[in-house]
Amino acid sequence: MNATDIANVLAKAAAFDQRTVGQADILAWHEALHDLDAADALAAVTRHYASSEQRLMPVHVRRIASDLARERHRVAREEAERLALEATAADAVTVRDRSADVADMLATLRDRLGPSDPSVLRRAEWVREERLRQRDAVPNPHYQGPPPPGGWPIPAADDQTA
């Protein structure tokens, strides 16, 4: 915004709170609000006084103008998404399931490559580390093997007689 836009924002605020506006006010507010959109700043003044009795400060204008810009971008994004969905729905006739084509391509690739060696696909230092870990592994002293057919816990001998 330029100094004229700032003067318009301050004049609108003065209409609400009867403030006096001088050149120093315009320069100070311009320093704080120069990067905002003029229409958003003017709308921020109205929105502020519609919901607050506090005297308008630059921080209020900045916060409300940011909310207005964010809302405008959200509406534009939602509209673009809606149009994209409509275009996709209109073009749904040409969309087809390519799962079979992908499965054929993967089968062809699998046939060309042949069986794989997992150690080739791993970094050499990882393979070395895994071998050392397996060599130095200590069996788990709590391991009791696979569960029995009835599952755990194993029933006591006196429970089997009943």
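## The nonpolar core

A nonpolar core is a set of buried Ala, Val, Leu, Ile, Met, Phe, Trp, Tyr and Cys residues joined through side-chain atoms within 4.5 Å. Keep that in mind as you look at this structure, which is a predicted model. Its largest nonpolar core has 18 residues. Those with the most contacts inside the core are Met1, Ile6, Trp29, Leu33, Leu56 and Val61.

## A salt bridge between parts

Side chains of opposite charge can pair when their charged atoms come close. The count here comes to 12 salt bridges. One of them joins the side chains of Arg62 and Asp35, with 2.7 Å from N to O. Arg62 sits in helix H4 and Asp35 in the loop between H2 and H3, so this pair ties together parts that are 27 residues apart in sequence. Arg62 itself is partly exposed, at 31% relative accessibility.

Now follow helix H4. Arg70 and Asp67 meet in a salt bridge at 2.5 Å, N to O, and they lie three residues apart in this helix, about one turn. Asp67 is partly exposed, at 33%.

Glu79 and Arg82 also pair up, their closest N and O atoms being 2.4 Å apart. These two are three residues apart in helix H4, so about one helical turn separates them. Glu79 is partly exposed at 34%, and Arg82 is partly exposed at 37%. Finally, look for Glu71, Arg74 and Glu78, which are linked in a network of salt bridges.

Conventions. Residues numbered from 1 in each chain as written. Predicted model: local features only at pLDDT ≥ 70, side-chain atom pairs only at ≥ 80, totals over all residues. Heavy atoms only, no water. Buried < 20%, exposed > 50% of the residue type's maximum accessible area, 1.4 Å probe, protein only. Salt bridge = Lys/Arg side-chain N within 4 Å of Asp/Glu carboxyl O. Helix = DSSP H or I, 4+ residues; strand = E, 2+ residues; numbered from the N terminus.
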